[in-house]
Amino acid sequence: MNGPILVTGCAGFVGMHCAERLLARGETVVGIDNLNAYYDPALKEARLARLTPHPRFSFERLDVADRASLAALFARVRPVRVLHLAAQAGVRYSLEQPDDYTDSNLLGFANILQGCRTQGVAHLVFASSSSVYGGNAKLPFCERDAVDHPISYYAATKKANEVMAHTYAHLYGLPTTGLRFFTVYGPWGRPDMALFKFTRAMLAGETIEVYGNGQLVRDFTYIDDIAEGVLRVLDKPATPDPGYDPLAPNPGTSSAPYRIFNIGNSAPTVLMNYITALEEALGRPADKRLLPIQPGDMHSTAADCSALAAWVGFAPSTPVHEGVARFVDWYRNFYPA
C-alpha cells in the first residue's frame, strides 16, 4: 500500500500524534484541517508546526464539509489510505451548537466516503467514540453490544458515521474500520477536556468543577497507546468476517469489508481518583466544587478491547498516574509560569 496517506484533522490532538508517527516511519502524509476556533487555534497551529518541517508532509487548510474542495483534493493527491479524524468534538458543545456537528460529522463524513470511493482508497480508518454506547448499562462495553440509544447529538453523529461507512463497505467494497476512542488524554491534549481544564485551574489557584460529584467513571486512554493502535489498524485493511451470521449479526463485523473496534485502556477510573493522580503530579491539592452530572454525559465507560487485541495484537496499557504525570510535564513546558 505504497502512496500518500491522507490525515484529516491533522492539527488536532490525535491527528498530530498519528501524523508524527507516520512521518517517523517514512510515510508521505497529506494533512488537512480547518483550524477552527472551537478551542484556541494557537494550540492547533503549534501542533501543526511540529509536522510542517517534515519533507514528506504537506498541508492544506480545508473543511471536510466543503464538498468541491475535498473532491478536488482527493483527485489531486490520490491517497492510498485515509485516516479520518476531523470532526466537531465535544458532547456538551453539541447541546449548544448542533449545526456544527451536522456539517462536520455528517456532511463532512459523507464527503470523505465519496472521495474514498471515487479514488479507490485501500483503507479508510475513522474515529468513532465510546459515546455511541449511550444509555447502555452493561460494562465493559463490547462491539457486539447494540448502540441504538445515544444520549447526545455528538454520539448520534458518530453512530451515524458507523452506519454510513458500512453502506460504502457493502455497496462499493471500500475497506472501512471505525475506532471507538475512550476518553483520550495526554500531552498536546484538548483544552475542553477535564485534565487540561483541571490543570489550568489548579495552577492558577482556582476551584475546579467536578461533575457527577466526582463519581463518574471513564476508561482514560493515553495518547501514545491510541496512536499505536490507530497505526496498527491502518496497516491492516478491514476484511469480511467469514463467521458473520446474518441471523445473529455482530454489529462489530460484517459480510462486507467493515470492522468496528473499541480502543480504550480497559482500566476504568473513578473521576475523583483521576483528580488524585493530578494532585500528586502537580504537588498540590485541588479545591473541588462538586456538581451533578451534566445533560448528555454518560455515567460510566469501560472498554472491552479483546477484539482489537485479536485483530492487531495490541492493547493500550499506560497507567493513569503515568499518563497524567506526562501531561503535567508537557503542560508546564508549553505554558511556563
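The legends below describe close-up views of a predicted model. Local features need pLDDT of at least 70 and side-chain atom pairs count only at pLDDT 80 or more, while totals for chains, interfaces and linings use all residues. Residues are numbered from 1 along each chain as its sequence is written, and side-chain values use heavy atoms, with hydrogens and water left out.

**View A. Packing of helix 9 against helix 11**. Helix 9 (residues 271-282) and helix 11 (residues 320-334) pack at an angle of about 50°, and their axes are 9 Å apart. Helix 9 is therefore oblique to helix 11 (angles under 35 degrees count as roughly parallel, over 145 as roughly antiparallel, 65 to 115 as roughly perpendicular and the rest as oblique). Helices are DSSP runs of H or I with at least four residues, numbered from the N terminus; axes are lines fitted to C-alpha atoms over the stretch in contact, with angles from 0 to 180 degrees between N-to-C directions. The crossing is right-handed (the near helix is turned clockwise from the far one by less than a right angle). Y274, A277, L278, A281 and L282 of helix 9 meet V320, H321, V324, A325, V328 and R332 of helix 11, where contact means heavy atoms within 4.5 Å. By class, this contact has nine nonpolar, one polar and one charged residues (Ala, Val, Leu, Ile, Met, Phe, Trp, Tyr, Cys and Pro count as nonpolar, Asp, Glu, Lys and Arg as charged, and the others, Gly among them, as polar).

**View B. Packing of helix 7 against helix 9**. The axes of helix 7 (residues 194-203) and helix 9 cross at roughly 45° and come within 11 Å, which makes helix 7 oblique to helix 9. This crossing is right-handed. Helix 7 contributes L195, F198, T199, M202 and L203, and helix 9 contributes L271, Y274, I275, L278, E279 and L282. The contact residues divide into nine nonpolar, one polar and one charged.

View C. Not counting residues up to four places away in sequence, S104 touches V64, A87, Q88 and F109.

**View D. V14 in the largest nonpolar core**. This core has 63 residues, and V14, F181 and V324 have the most contacts inside it. A nonpolar core is a set of buried Ala, Val, Leu, Ile, Met, Phe, Trp, Tyr and Cys residues joined through side-chain atoms within 4.5 Å. Leaving aside neighbours within four places in sequence, V14 is in contact with L85, F181, V184, I223 and I226. A second, separate core of 25 residues includes L73, A165, A169 and A256.

Terms used
Helix = DSSP H or I, 4+ residues; strand = E, 2+ residues; numbered from the N terminus. Buried < 20%, exposed > 50% of the residue type's maximum accessible area, 1.4 Å probe, protein only.
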